[in-house]
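Take a look at the chain below. We will walk across its sheet, strand by strand.

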Amino acid sequence: MAPSALACFTKSAEEVVSHKGLFEAPSHERLWIQQWAFKKVPSIVSDVRKSMTLDIAYAVLADNVPGDCVETGAYTGGTSILLMKALHRWDAGGSRLLWAADSFEGLPAPTEQDSGADSHVGSKNKLSPSEETFINNLKEWEAHGPTRLRILRGWFSETLPTAPIEQISYLRLDRDIYASAMDSLRALYHMVSVGGYVYVDDYGSFDGCRRAIDEFRAEHGITDPLVYQYLPEDGNNEAVAWRKTK
Ligand SMILES: C[S@@+](CC[C@H](N)C(=O)[O-])C[C@H]1O[C@@H](n2cnc3c(N)ncnc32)[C@H](O)[C@@H]1O
């Protein structure tokens, strides 16, 4: 996969929806990605974000980038289901894990860094499905594989720094607010393999999330270009990703 293929994220509705040419996935894999992106898995993530989530999974797994997949912000399991399906499809016979992290108690309280965020964001006990709901949803979608799945239950600041993760090919951040984004990156970014990807949901939706990503990248001298995902209907930014090159 040529890194330049990432430039395919544009505001063109056709390209956003189809990711035409992105990651050079062969046509039958593109079909599979689109089918799963539009399935009604139990997720609050939009179809274009689900599609980008799977495109990146394809990119790292087809390229055999070493390391596990990690999702911080597992919620009811929708995108974890997609990632487990991707592992089964593109890492069949492999041993990569999906680490799914969540408090299962909702978001921590917002801080002043989240000022300007949407008012519905960032209060404890918001977005708080139980771990049991998460597991049951994965089972219902035949995506619960104990040999592949590791659940990190608790606040990211407590679970991530000591999680026995060795290497990461795909770090998927989906947790809305400043502290949660920072906690995830500080604990895990150094484990992301060169050639691996970081995907950030909500970069365009929540000031605190964007601030955390921008600060962390500046602090660590990360200049890998951000790839933007836009909503075709209104051109709003949905998510960003970057490929780690050093
Ligand atoms: C937007 S939801 C994730 C959406 C999900 N990926 C999906 O497919 O619908 C964000 C989740 O992050 C979790 N979360 C946010 N900040 C957290 C933190 N600091 N520690 C633990 N969990 C956190 C919340 O409990 C919530 O379930």
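**A seven-stranded sheet**

Seven strands make up an open, mixed sheet, in the order S3-S2-S1-S4-S5-S7-S6. Strands (E, at least two residues) and helices (H or I, at least four) are DSSP runs, numbered from the N terminus. Two strands pair if DSSP finds at least two bridges between them. Strand S3 (149-153) and strand S6 (227-230) are the edge strands, and each pairs on one side only. On average, neighbouring strands of this sheet are turned by 15° against each other, direction ignored. Here axes are lines fitted to C-alpha atoms, for helices over the stretch in contact, and angles run from 0 to 180 degrees between N-to-C directions.

This is a predicted model: local features need pLDDT of at least 70, side-chain atom pairs count only at pLDDT 80 or more, and totals for chains, interfaces and linings use all residues. Residues are numbered from 1 along each chain as its sequence is written.

Start with strand S1 (residues 68-72). Four bridges join S1 to strand S2 (residues 98-102), and the two run parallel. Cys69 stands opposite Leu98 in S2. Helix H7 (residues 178-188) packs on the sheet and touches S1 and strand S4 (168-173). Contact means that C-beta atoms, placed from the backbone, lie within 7 Å. The direction of H7 makes about 170° with that of S4.

Now move to strand S7 (residues 237-243). Six of its seven residues are buried, that is, 20 or more other C-beta atoms, placed from the backbone, lie within 10 Å of their own. Strand S5 (residues 192-201) pairs with S7 in the antiparallel sense over five bridges. Tyr197 stands opposite Arg243 in S7. S6 also runs antiparallel to S7, joined by four bridges. There, Tyr228 stands opposite Val240 in S7.

Note on methods
Two residues are in contact if their C-beta atoms, placed from the backbone, lie within 7 Å. A residue is buried if 20 or more other C-beta atoms lie within 10 Å of its own, exposed if 12 or fewer, and partly exposed in between; C-beta atoms are placed from the backbone.
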